[in-house]
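Please keep the sequence and the model in view while reading.

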Amino acid sequence: MAAMKAKNWAAVVEKGIPPYSIAELTALVESYCTSKNYDLANKILDEHANSLNFPAAQEKELRQRITTLMKI
């Protein structure tokens with residue numbers, strides 16, 4: 001995703017809903033975290049992780065990262 005490589009987080013959010021792949025879901029979560037929108041990062045995982053067969057270990061890791069970032 002070109003927007004992600006360019007760190008254009010607004011474009012990632014705009015073009016990433018709904019995510020059609022694990023890579024898009026991950027990029028969307030990262031973009032929400034970068035903009036400190038942690039509730040939406042968790043929400044997008046809630047809504048799309050199962051349908052995209054997101055690996056449980058990766059989902060757990062992302063959720064832990066979100067939790068950690070919320071505390072900073």
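Contact here means that heavy atoms lie within 4.5 Å. The model is a predicted one.

**Overall make-up**

The protein has 5 helices and 0 strands, and its elements run α-α-α-α-α from the N terminus on. Of its 72 residues, 35% are buried. Among the contacts with a separation of 6 or more, 40% are between residues 24 or more positions apart.

Helix α5 covers residues 56–71, which is 16 residues. From its first C-alpha to its last, α5 reaches 23 Å, close to the 22 Å expected at 1.5 Å a residue. Which residues of α5 are buried? They are Glu59, Leu62 and Ile66. These residues cover an arc of only 65 degrees around the axis, so they sit on the same side of α5. The face turned away from this buried side carries the exposed residues Ala56, Ala57, Lys60, Glu61 and Lys71.

What do the buried residues of α5 pack against? Their partners are α3 (22–34) and α4 (38–48).

**The two partners of α5**

The table gives the axis geometry of each pair.

| Pair | Distance between axes | Angle |
|---|---|---|
| α4 and α5 | within 10 Å | roughly 165 degrees |
| α3 and α5 | 11 Å | about 5 degrees |

An angle over 145 degrees counts as roughly antiparallel, and one under 35 degrees as roughly parallel. The axes of α4 and α5 cross at roughly 165 degrees, and these two helices are therefore roughly antiparallel to each other. The crossing in which α4 passes α5 is left-handed. For α3 and α5 the angle is about 5 degrees, and the pair is therefore roughly parallel.

The residues that meet can also be listed. From α4 they are Tyr38, Ala41, Asn42, Leu45 and Asp46, which meet Glu59, Leu62, Arg63, Ile66, Leu69 and Met70 in α5. From α3, the residues Val29, Glu30 and Cys33 meet Leu62, Arg65, Ile66 and Leu69 in α5. Leu62 and Ile66 are buried residues of α5; both are among the residues that meet α4, and both are also among those that meet α3.

Is Asp39 buried or exposed? Asp39 counts as exposed because its relative accessibility is 61%, and the cut-off for exposed is over 50%. The C-alpha atoms of Asp39 and Ile66 are separated by 9.0 Å, although the two residues are 27 apart along the chain.

Helix α3 has 13 residues, which should span 18 Å at 1.5 Å a residue, and its end C-alpha atoms are 18 Å apart, in agreement with this. Buried in α3 are Leu25, Ala27, Leu28, Val29, Glu30, Ser31, Tyr32 and Cys33. Val29, Glu30 and Cys33 from this group are the residues of α3 listed above as meeting α5.

**Two loop residues**

Most residues other than glycine have a negative phi. Lys36 has a positive phi of about 60 degrees although it is not a glycine. Lys36 lies in the loop between α3 and α4, and is exposed, with a relative accessible area of 64%. Asn53, also a residue other than glycine, has a positive phi near 55 degrees. Its place is the loop between α4 and α5, and Asn53 counts as exposed at 64% relative accessibility.

Methods. Residues are numbered from 1 along each chain as its sequence is written. This is a predicted model: local features need pLDDT of at least 70, side-chain atom pairs count only at pLDDT 80 or more; totals for chains, interfaces and linings use all residues. Side-chain values use heavy atoms; hydrogens and water are left out. Helices (H or I, at least four residues) and strands (E, at least two) are DSSP runs, numbered from the N terminus. The expected span of a helix is 1.5 Å times one less than its number of residues. Buried means under 20% relative accessible area, exposed over 50%, partly exposed in between (1.4 Å probe, protein chains only). The arc is that of the directions from the helix axis to the C-beta atoms. Axes are lines fitted to C-alpha atoms, for helices over the stretch in contact, and angles run from 0 to 180 degrees between N-to-C directions. Angles under 35 degrees count as roughly parallel, over 145 as roughly antiparallel, 65 to 115 as roughly perpendicular and the rest as oblique. A crossing is left-handed if the near helix is turned anticlockwise from the far one by less than a right angle, and right-handed if clockwise.
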